[in-house]
Amino acid sequence: MHQGCGGLDKRFLSERDICTKFITPALRAAGWDEMTQIREEVSFTKGRIIVRGRLVSRGKGKRADYILSVKPNIPLAIIEAKENTQAVGAGLQQALDYAETLDIPFVFSSNGDGFVFHDRTGASPTPEVTLTLDEFPSPAELWARYQTAKGLSDEAAAVALQDYFDDGSGKTPRYYQVNAVNTAIEAIAKGQDRVLLVMATGTGKTYTAFQIIWRLWKAGQKKRILFLADRNVLIDQTMVNDFRPFAGNMAKLSTQSKTIERADGTSNDLTIALDKKRRIDTSYEIYLGLYQAITGPDESQKLYREFSPDFFDLIVIDECHRGSAADDSAWREILAHFSTATQIGLTATPKETEYASNIDYFGKPVYSYSLKQGIRDGFLAPYKVIKVHIDRDVQGYRPVQGQLDRDGEEVEDRIYNTKDFDRTLVLEDRTKLVAQKITEFLKQSGDRMAKTIVFCVDQEHAARMRQALINENADLVAQNHRYVMRITGNDKEGLDQLGNFIDPEAPHPVIVTTSRLLSTGVDAQTCRLIVLDREVGSMTEFKQIVGRGSRVHEDTQKLFFTVMDFRGSTSHFADPEFDGEPVQIYQPGPDDPITPPDDAPQTDNEGAPLSPEPDDDETVLIDPIDPLDPLGGNTGGGPIRKVYVDGVGAVIVAERVEYLDENGKLVTESLRDYTRKALKRQFASLDDFLKRWNSEGRKQAVFEELAAEGLPLDVIAAELGKDLDPFDLICHIAFDAKPLTRRERAESVKKRDVFTKYGPQAKAVLEALLEKYADEGVMNLDDLGVLKIAPFSGMGSVVELVRAFGGKPGFEQAVHDLQSAIYEESA
């Protein structure tokens, strides 16, 4: 069984040789096309970004040996190859793990002797069978199995096999985008007409939507399509970037044409579908529009009614997580008008307010890709959290008797807390302190040009914060007055700079203050710092705000970001729903209205009753508190007066840096405790670790594995401040063993005189290797490359030195014995 090509013994072949000489020929013989259907060594995750202070690295990405696709991006099978010294099914568990991530139905393992085949569809009476090399199934056979298992008719299968768009650049969708596109296409091909996709901010929802629309359009399934979003910048950027291949067939539901500059420096004029009298040109096939542009409270604003109800076959609603009953109805009434169309909702945050749920409308998501998965896969940036507690926030503020405000009026005697600050009571010293801490962070991080968003209570607070930050950064403001800017709905100068803030190439503005404008939908790829100086009541908004920093931008080395929290808003991290599956609040029966009855008592996410006044977890359309609200301010007889109190003072009482682990949990314990727990997950006992250590010929491999899991030992070594061998670090931190320094281990070996059996030259080499270990911590002592450098280069050539041990096997054995001697005391 082990004899291969030309009498080769397979047991001595590498894994790559097994692939080339046995697996690939078997695939070719079964009818798989090497150019279009077989991909080898496919990396499908980027590798998690690991942050250690200012040192940032990537863990190892996941890589499949083979992925077989019936057509590009329509994967059917995965094969894990192993060396022939292992069993034929040795790679199956790893392949099944990968197949679950990649949503691949058929799984194979091979060592070159044959295949073990696992059918994940559940349609086979025997899920796992062994096949000979010449029994590998053909593409047609696997597709037929898949089609049957999924219940796809021939017509539906033809839609599911429609080609992806390929611009010839070599750009391919990421694995989760493939999963989302294929799952949505299959659901629609089988007749599902309401589809929800949940994808974390920064994971390419628009590109995913484009591929779904492209394939349905090209398959002739959907001829007229409407793409809805809630921000002008999203529509414009979509038209010139992801949707560009639709040019000529695509128009915007707007009366004003606009020239947009693309990332590559070229510019495009947007095609519009409306004339100045808002008459619609119905000759296009792809329409893009804002909810606000095609509907409104007045009958004259409901432009969508100009289309017949059956005009569109497909509607895609981007960011379909609107959070209040009024806002919700804007896109709901459009969808109700075109109720016969297939409707796809895209959202990063399906968790809803108490008023309504998109899950009630669309049904459960057909596919979800979470923030946690994105960070773990390395596609999204991890983040640090800095919690800053100000004395006035923690203890509250009670005015002294007779305290006068800025206008000379007495301040009402009560305890003011974080809900009051900057909303009804302004402590200017508190604002200055926040600005100082932001500036201090930017200075200490070494990058005062790091793009920063400061979320404030309202537009007036954002104006005061801008002023405080200007005063703290007068030197940089003198160089460019746009260093700090306020970007809010009523500030034209600020709004005009929004494009520059989100442009990675434009250095200014650097720090922007805002209230709500930047909390959703704005693609700030290079944002490195998010400051929360207002409470964030809803999980939906909290995820959106965090999403402003979650994009990775490798060109500018934006690999992680920081959230600085002055208001306790990051308590959302402790909520089990923070990155769990979507939830719904209101569950109507078949005959119930989509919105709960007006007299129904409102409760929060934990079931507690809500106050009659709107809280921050509701999207307020008319703000009675913000006198600068562009929609007309409060309706209760004039703006609420803010009380300004000067000279009260404020100090920092606690400042704590907390890290998120890969599960999205805050790590607040010491680095030592964290390392101990992580090591014990890897090695159950000291005995378990010693067995692994002694069986590993190349000791460095143990540490490389730990580093790939996000557990680098050099960081904890630096904290302990001892020159410890990593072996001792593990024994000491995880199992409380007495640690020895490398020098102590080397001296112990010398005392035992373990080199006496070797000749003078070999003995000199081993003593020099021991010194190198003691001084530099070199772990790979059997690497022949070390013999090319001093002091070995002065002892003779590599060949001569190895010959002193009787050849390479003798040298390797001597080094192995030396390493055993180094660790003998513990082992």
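**Close-up views of a predicted model**

View 1. Residues are numbered from 1 along each chain as its sequence is written, and side-chain values use heavy atoms, with hydrogens and water left out. The lining consists of Leu226, Leu253, Ile294, Leu303, Tyr304, Phe307, Phe312 and Phe338. A cavity is a set of points, on a 1 Å grid over the protein atoms alone, where a 1.4 Å probe fits but cannot get out; lining residues have an atom within 4 Å of a point. Grid points are joined across faces, edges and corners, and a volume is the space filled by probe spheres set on the points. By this rule there are 2 cavities of 30 Å³ or more.

**View 2. The open parallel sheet.** In the order β11-β14-β10-β15-β16-β9-β17, 7 strands form an open sheet with parallel pairing. Because β11 (250-252) and β17 (367-369) stand at the edges with a single partner strand each, one side of each has no neighbour in the sheet. From one strand to the next, the twist averages 15°. Strands (E, at least two residues) and helices (H or I, at least four) are DSSP runs, numbered from the N terminus; two strands pair if DSSP finds at least two bridges between them.

**View 3. The pairing of β9 with β17.** Strand β9 (residues 194-199) pairs with β17 in the parallel sense over 3 bridges. Val198 has Ser368 in β17 as its bridge partner.

**View 4. Helix α6 across the sheet strands.** Helix α6 (residues 205-218) lies across β9, β10 (225-229), β14 (286-290), β15 (314-317) and β16 (342-347), and runs at about 170° to β10. Axes are lines fitted to C-alpha atoms, for helices over the stretch in contact, and angles run from 0 to 180 degrees between N-to-C directions.

View 5. Tyr284 is placed in the loop between β13 (267-269) and β14. Its relative accessibility is 17%, so Tyr284 counts as buried (under 20% relative accessible area, with a 1.4 Å probe and protein chains only). Beyond its neighbours within four places in sequence, Tyr284 contacts Arg224, Gly248, Asn249, Met250, Ala251, Thr271, Ile272 and Ala273; contact means heavy atoms within 4.5 Å. The C-alpha atoms of Tyr284 and Ala273 are separated by 7.9 Å, and the two residues are 11 residues apart along the chain.

Conventions:
Predicted model: local features only at pLDDT ≥ 70, side-chain atom pairs only at ≥ 80, totals over all residues. Buried < 20%, exposed > 50% of the residue type's maximum accessible area, 1.4 Å probe, protein only. 1 Å grid on protein atoms, 1.4 Å probe; cavity = no way out; pocket = protein on both sides within 12 Å on 5 of 7 lines; lining within 4 Å.
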